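Okay, thanks everyone for coming.

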Amino acid sequence: MGFMDALFGRTRTRPARVDAIFRLSTAEPDLEEKLAVRYAGRLAVVLRDMEASRFAKVLQEARDILARSSQDLPVTVGDATDKLHFHWLILNGKDLTAALTGARLIEQLAEEGGFSDALLAAMADFNQFCLIYSYRHGRFYPFCQTGPNHRDQSREIRVSAVLNPLLPMEPDPGQWYPLWDPPWDASA
Amino acid sequence: MAKQRWYGRDAGLTFRMGLVMFLLAALYLAFIAVLLALRVPMAFLILIIGVMLVAQFFFSDKMVLAATGARVVTRQQAPDLHEIIDRLCQMSDIPRPQVAIMDTDMPNAFATGRDPRHAVVTVTRGLMRRLEPDELEAVLGHELSHVKNRDVAVMTVASFFATVASILVQQFLWFGLWGGGMGGRRRGNGGNAAILIWLVAIVVWALSYLLIRALSRYRELAADRGSAIITGQPSKLASALVKISQQVSRTADRDLRQTDAAAAFFIVPALRRDSLAALISTHPPLNVRLAQLERLSREMER
């Protein structure tokens, strides 16, 4: 936000930064080796709800295409809404690369519809913690929920330190926004 | 065909805001020119008012919180509210403000703080009780837009010379005597010059008052627009505004005394205003705000 935007009170959203998310695929072996965690087979793309009726079509199209291409892409797609009305498109399947490809498809459809700014984050489950990719900053950060509204921050800092050379990590812990209670099981 | 954004630009609003700011600057420059031409001892005046405004600038958040009795709440005290703010800030990439709650049943909200890092967003208990979560989110989006647009800083700067003028008007007697006394060799002119300064100050004060109010209204519209863009839900802010203004006008009489201090900061003004209000109101009328949100809804469907 520049000086002129503040002076004239203009609000602009930045389009999503999708460039770095795929690097998670190449970092997967290191995650297994250095942190002794396994991908839990579920990755969610989280989108803000938009009032436009076109937006619902974009979501439906993403679900349809992912369901149809299940031979090429070994993921099944689930769908949930959290209590803040954000959409979770959940990609289930053991293969992390396939899930990331599915996420790429969702990103593209959102971009084509003009809703690139509706992409909030992608969240990959590694059993003991989750990795969140922020579409605003194009960086990853760890999120380790241990109970209702409770997170293990020292663990998150350790995970981030290990992953720092491998992935573009968010350096400012103030930006490690939580996504409490991911609705993994609510999806069909 | 890829579209960059679902919303367009509001060149009209930018233009009107720019025009008002230009007129204010021109008015102030003329005022300074007159004061200099009449050899008014400006340094002292500007020093006093400068100190006053710098103090206001740096302590506005604490002063407003103290004046309204709002308390900053931690994540443990209000987890739901914090969660909504978290999502909004992450979505819009605005630094996280502090969150405060004001213990009154009147539904309202306001934001203070000179820059995004010192901002405090306050909501009343009545607001949290009456609005649906997504309406609350829209209201918080409006307040976050104020934070992002640095409205406290902009309005403080915009009112600087208006404050100078109003002090000149109010302190006329004192100033007139002083002006007459120090005239020295121009003793005969002292009184006339003081009256002239007084008249000029009255004109500047009145004009700047109207311009500042207009600027405030445009910045409210800009914040409404910002909320719609950040949340992607123009109609939620619209329904929140309708709910709040109905409730506020009903309870205004009862709550007038205790809410007066914060009236200028609220999302919907707490004082009941009638027709004269259009020109001097800090907020645009509800139907203008709703019409803008409706326009954004239509833009979205295109």
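So, strand β1 of chain A, residues 42–47, pairs with strand β4 of chain A, residues 119–125, in the antiparallel sense, over five bridges. When I say strands pair, I mean DSSP finds at least two bridges between them. Strands and helices here are DSSP runs, E of at least two residues for strands and H or I of at least four for helices, numbered from the N terminus. One partner pair to look at: A:Leu43 is bridged to A:Ala124 in β4(A).

This is a predicted model, where local features need pLDDT of at least 70 and side-chain atom pairs count only at pLDDT 80 or more, while totals for chains, interfaces and linings use all residues. On labels, residues count from 1 along each chain as its sequence is written, and chains are lettered from A and ligands numbered from 1 in the order in which they are written.

Zooming out, that pair belongs to an open sheet of six strands in chain A, in the order β2-β3-β1-β4-β5-β6, with antiparallel pairing. At the edges you find β2 (76–81) and β6 (139–143) of chain A, each pairing on one side only. From one strand to the next, the twist averages 20°. Helix α4 of chain A, residues 96–112, packs on this sheet and touches β1, β3 (87–92) and β4 of chain A. The direction of α4(A) makes about 15° with that of β1(A); axes are lines fitted to C-alpha atoms, for helices over the stretch in contact, and angles run from 0 to 180 degrees between N-to-C directions.

Now, the β6 end. Strand β5 of chain A, residues 130–134, runs antiparallel to β6(A), with five bridges joining them, and A:Cys130 stands opposite A:Phe143. The two strands form a hairpin with four residues between them, and A:Gly138 in the turn has a positive phi of about 65°. Is β6(A) mostly buried or exposed? Four of its five residues are buried, so β6(A) is largely enclosed by the rest of the structure. Buried means 20 or more other C-beta atoms within 10 Å of the residue's own, exposed means 12 or fewer, partly exposed is in between, and C-beta atoms are placed from the backbone.

Over to chain B, which has an open sheet of four strands, β1-β2-β4-β3, with mixed pairing. Its edges are β1 (71–72) and β3 (109–112) of chain B, each with a single partner strand, so one side of each has no neighbour in the sheet. Four bridges join β3(B) to the antiparallel β4(B), residues 120–124, and B:Thr112 sits opposite B:Val120.

Next, helix α5 of chain B, residues 133–148. 14 of its 16 residues are buried, so α5(B) is largely enclosed by the rest of the structure. After α5(B) comes B:Arg150, with a positive phi near 55°.

Where pLDDT is low, the predicted coordinates should not be read in detail. For the complex, the predictor gives an ipTM of 0.88 and a pTM of 0.87.

Methods: Two residues are in contact if their C-beta atoms, placed from the backbone, lie within 7 Å.
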